[in-house]
Amino acid sequence: MSLLLTGSEIMQVLDMDLALAAVTEAFRAHGEGRVNLPPKVHLPVARGSFKAMYGEIFLPAGHICGLKWNANFPGNPRQGLLTIMGKLLLNDPATGLELADMDSSSITSYRTGAAGGLAVQYLARTEAARLGVVGAGEQARTQVAAILKVRPIREVTIYSRTAARAQALKDEILALYGIAARVVEDVAPAVRGQDIVVTVTPSTSPLVRREWVGPGTHINAFGADSPGKQELAPAILAAAKIVVDDWRQCKDIGEINVPLARGELTPAQIYGSLGEMVTGQKPGRTDPEEITVFDATGLAIQDLALGLEVLRRAQGRGLGEVKDFLQ
Amino acid sequence: MSLVLTGSEVMQVLDMDLALAAAQEAFQAYGEGRVNMPPKSYLTLAKGDFRAMYGEIFLAGGDHICGLKWVNVHPENPARGLLTVMAKVVLNDPDTGLERADMDGTHITNFRTGAAGGLAAQYLARQDAARLGMIGAGAQARTQVAALLKVRPIQEVVVYDRHLAHAQAFADYAMATHGVQARATAAAAEAVRGLDIVVTTTPSSSPVVMREWVSPGTHINAIGADAAGKQELDPNILKAAKIVVDDWAQASHSGEINVPLARGELTPSQIYGSLGEIAAGKKPGRTSPEEITVFDSTGLIIQDLALGFAVYRRALARGLGEVKDFLK
């Protein structure tokens, strides 16, 4: 029996607290080696691409495996469609039986934001109050939501190539959180003097320069998710404590992929993984002056852990449609 | 909007004629370079595995489809009353990524695998092939027989299985379903010697069929090997045969040829070509009544997509299934 859940059914049970809790467990399992996580694979087509991400995770809430099949079509918004959408399947690892078949759009956004929040919890200064956001898409929204849960943010500065999008995000932040955000027309003021900087752009050349980054800044680098993408000047990475979500994925598709390929960075300069911080195997921030960077590529285990929580809550509330595909 | 189809809904529109037509479409597209098909990926678990297969195909009629199959293999499942292999097929619009169908892929997998065997026999078995040997009597064996009966005048089926009772049950099934002569045997050699077509559908990792059993002119569908380390045929059979693969990248990694290639018992130059090249008319199939031919089948996502799309269209036309908007 599989539980089918649409986007709005998922939103009846999904919130950032649930996402932060689930993603913490996912990274704890990653740090403790309780995951089976092959690298994600891609199907490029003419107007976009698909990703298949799959894996297995042993969680306190259960042992689960599954797959996310996500489309990424940059031209979609012009047709009134989402850029990123797809499906998340959960299966019983012991038999292969399908347990859930759900829309992946909001789970993807929330689990990505939650990874940013979790990284901030371990790597940003405790009193971090000023947040700079470079990029104003869907990912920017859940980054802000998650970071507000873990740090006393009072000021948000937004830069986007498209001013209208920055303005829309500003309005949303005021409405949702009562914070008067500021829109800026250059990247520099969204970085200079900020305690936390989030980059969520599809850039293939550095947007953030070394000289804009003050001591003690934490950066969540979320845009790079395929070979050739990068958002940060390599000199920032060279000066920073770099934490990855998963070394194998990050070296190929994360923020570090380009500088590694060019020899501007060596594997020895990577400090560790977020899972190692969550489990306490390595400390997060140890000095108020250090620059820290979290390189996130997104892991299937985040989707599985959050998907399982959503499934459990939906079952508890009788949401969704129970279907036996084998009948 | 996605059309959600369960197994029984799929079976209301799926038959072997549809599967054979879809297989011809899929392999012809492959042979003409109208497919985009990365190799399948594996998730290995304690009690089995999952495979993620995904790709894109431009069909001859102008339709263009992409999608994914997520399929498990759990060998201990039958002991729990569950199927060993269960699958999900998702079809997407290649222009927007929108989901068009979300269907049980279990029957589609069985039928498309049978149909590939039928298509291979159509191009590679002798026209008058009438005697069929089956090595292995599981779910795959059933659709192999169903497809072969569509393309060759099969009159007699000899079935071998490690468990004689399974072989007997299969022989009974073949007689009842298809009205052919069928008998079970406890000796693998008897299901090969003197037969025109031999089908192997076992999960073996050492040869089950020996060179000296195979007569001139035999065609073999080697279906069982689908992971590194698996093999069903004595490497000497391959050395003596015209070998046709479904896909070089997959076959060399996980097909019947994977073990002999890794051991140096076979070289890449000994592979004759792909079923797609033959289906597209780029290479001839059988050219002599005496040659031994082997089709090495690993299973391609484009077979699932072509058949899944045909099922989707028929189901849509008949108002079957549930239309669901997962984005709502």
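View 1. Helices (H or I, at least four residues) and strands (E, at least two) are DSSP runs, counted from the N terminus. For the classes, Ala, Val, Leu, Ile, Met, Phe, Trp, Tyr, Cys and Pro are nonpolar, Asp, Glu, Lys and Arg are charged, and the others, Gly among them, are polar. Domain 1 of chain A covers 2-108 + 301-323, and domain 2 covers 124-298; the bounds come from an automatic or database domain assignment. The C-alpha centres of these two domains of chain A sit 24 Å apart.

Some housekeeping for every view: residues are numbered from 1 along each chain as its sequence is written, while chains are lettered from A and ligands numbered from 1 in the order in which they are written. Since the model is predicted, local features need pLDDT of at least 70 and side-chain atom pairs count only at pLDDT 80 or more, but totals for chains, interfaces and linings use all residues.

**View 2. The domain boundary in chain B.** Here the assignment gives domain 1 (2-109 + 302-324) and domain 2 (125-300) of chain B. Taken over C-alpha atoms, the centres of domain 1 and domain 2 of chain B are separated by 24 Å. In chain B, 13 residues of domain 1 are in contact with 15 residues of domain 2. Helix 2 (16-31) and helix 10 (301-317) of chain B each put at least two residues into the domain 1 side, and helix 2 of chain B gives the most, with seven residues. The class count for that side of domain 1 of chain B is seven nonpolar, four polar and two charged residues.

**View 3. The parallel sheet of chain A.** Eight strands of chain A form an open sheet in the order 10-9-8-11-12-15-13-14, with parallel pairing; two strands pair if DSSP finds at least two bridges between them. The edges are strand 10 (182-184) and strand 14 (270-273) of chain A, each of which pairs on one side only. On average, neighbouring strands of this sheet are turned by 20° against each other, ignoring direction. Helix 3 (residues 105-123) of chain A packs on the sheet and touches strand 11 (196-199), strand 12, strand 13 (241-244) and strand 15 of chain A; the direction of helix 3 makes about 155° with that of strand 12. Axes are lines fitted to C-alpha atoms, for helices over the stretch in contact, and angles between N-to-C directions run from 0 to 180 degrees.

**View 4. Zooming in on strands 12 and 15 of chain A.** Strand 12 (residues 218-221) and strand 15 (residues 292-295) of chain A run parallel and are joined by four bridges.

**View 5. A hairpin in chain B.** Strand 3 of chain B is joined to strand 4 of chain B by a hairpin of four residues. Strand 3 (residues 41-44) and strand 4 (residues 49-58) of chain B run antiparallel, with four bridges between them. Across this pair, B:Tyr42 stands opposite B:Arg51 in strand 4 of chain B.

**View 6. Chain A against chain B.** The contact takes 42 residues from chain A and 41 residues from chain B. On the chain A side, the elements giving two or more residues are helix 1 (7-11), strand 3 (41-45), strand 4 (48-59), strand 5 (62-72), strand 6 (84-91) and strand 7 (98-103) of chain A. Strand 4 of chain A supplies the largest share, six residues. By class, the side of chain A that touches chain B has 21 nonpolar, 13 polar and eight charged residues.

**View 7. Inside each chain.** Of the 327 residues of chain A, 57% count as buried, and of the 328 residues of chain B, 58% do. Buried means that 20 or more other C-beta atoms, placed from the backbone, lie within 10 Å of the residue's own. Chain A has 10 helices and 16 strands, while chain B has 10 helices and 18 strands.

Note on methods
A residue is buried if 20 or more other C-beta atoms lie within 10 Å of its own, exposed if 12 or fewer, and partly exposed in between; C-beta atoms are placed from the backbone. Two residues are in contact if their C-beta atoms, placed from the backbone, lie within 7 Å.
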